[in-house]
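Colleague: I would like to learn how to read a model like this one. Can you take me through a few features in turn?

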Amino acid sequence: MAHFPVNHPARPLYRVLSGLIGLYILVFGVFGVFQTWGEGLFGRDGDWALGLRTNLAFSLVSVVFGAILLIGASRRDNLGHYMNLTAGAVFLVTGILMMSVLQTSANFLNFSMSTVIVSLLFGLVLLATGLYDKVGTPEHEEEERQRRYHPIGER
């Protein structure tokens, strides 16, 4: 999209933020797999990992998702941009959906309210990082800089 900032000066910071979120999710998933191994895939027991309630299915999904986010954060092209936008939307939608079924038997990922809040926060941060880490050519960057710092009347 044309209105996304291209080659934003804080892009390295945003990549680090998405990488840290991916690392936390990966570590959470690995720790959760060890905590819940041998239980049912969609168990509703009181298993906690790194402050969030989990079950084996949620832990396995977290391992995969964390690894994908780390790969996206390590890329220097627009793949990370699209991955962060998609991951942010997935986290936000998952958080809202799981909050709506929190006290029902449809809570198949064993979410608690703290897990919902963390999911929504991660979704917002990933969405913001996705909005600001688009990569463009140096010519495109110069064109954006000219448009940003020189009003239309001065051109």
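Predicted model: local features only at pLDDT ≥ 70, side-chain atom pairs only at ≥ 80, totals over all residues.

Colleague: Start with the rings. How many aromatic pairs are there?

Modeller: Two rings count as a pair if their centres lie within 6.5 Å. On that rule there are eight aromatic pairs. Take Phe42 and Phe108. Their ring centres are 6.0 Å apart and their planes stand at 70°, which is over the 60 degrees needed, so this pair is edge-to-face.

Colleague: Which parts of the chain does the pair of Phe42 and Phe108 tie together?

Modeller: Phe42 sits in the loop between helix 1 (11-36) and strand 1 (48-49). Phe108 sits in the loop between helix 3 (78-100) and helix 4 (113-132). The pair therefore ties together parts that are 66 residues apart in sequence.

Colleague: Which residues do ring pairs link into a cluster?

Modeller: The cluster consists of Tyr24, Phe28, Phe58, Phe65, Phe91, Phe111 and Phe122.

Colleague: Now helix packing. How do I describe two packed helices?

Modeller: Use the angle between their axes and the distance between the axes. Here, the axes of helix 2 (residues 56-74) and helix 3 come within 9 Å. They cross at roughly 145°, and the crossing is left-handed. Helix 2 makes the contact with Phe65, Ile68, Leu69 and Gly72. Helix 3 brings Gly80, Met83, Asn84, Ala87, Val90 and Phe91. Phe65 and Phe91 also belong to the ring cluster.

Colleague: Next, a charged residue. Where is Asp47, and which side chain of opposite charge is nearest to Asp47?

Modeller: Asp47 is in the loop between helix 1 and strand 1. Asp47 is buried, yet it has no salt bridge. A salt bridge needs a nitrogen and an oxygen within 4 Å. The nearest side chain of opposite charge is Arg53, 9.0 Å away. Still, Arg53 is in contact with Asp47. Beyond its neighbours within four places in sequence, Asp47 also contacts Gln35, Thr36, Glu39, Leu52 and Thr54.

Colleague: What surrounds Ala49, leaving aside its neighbours within four places in sequence?

Modeller: Ala49 lies in strand 1. Its relative accessible area is 0%, so Ala49 is buried. With those neighbours left aside, Ala49 is in contact with Phe28, Phe31, Gly32 and Thr54. One of these, Phe28, is in the ring cluster.

Colleague: And is Asn107 buried or exposed?

Modeller: Buried, at 0% relative accessibility. Asn107 is in the loop between helix 3 and helix 4. Not counting residues up to four places away in sequence, Asn107 touches Arg44, Arg53, Met98, Val101 and Leu102.

Note on methods. Residues numbered from 1 in each chain as written. Heavy atoms only, no water. Phe/Tyr/Trp six-rings, centres within 6.5 Å; stacked < 30°, edge-to-face > 60°. Helix = DSSP H or I, 4+ residues; strand = E, 2+ residues; numbered from the N terminus. Buried < 20%, exposed > 50% of the residue type's maximum accessible area, 1.4 Å probe, protein only. Lys, Arg positive; Asp, Glu negative; His and termini not counted. Contact = heavy atoms within 4.5 Å. Axes fitted to C-alpha atoms, helices over the stretch in contact; angles between N-to-C directions. Left-handed = near helix turned anticlockwise from the far one by under 90°.
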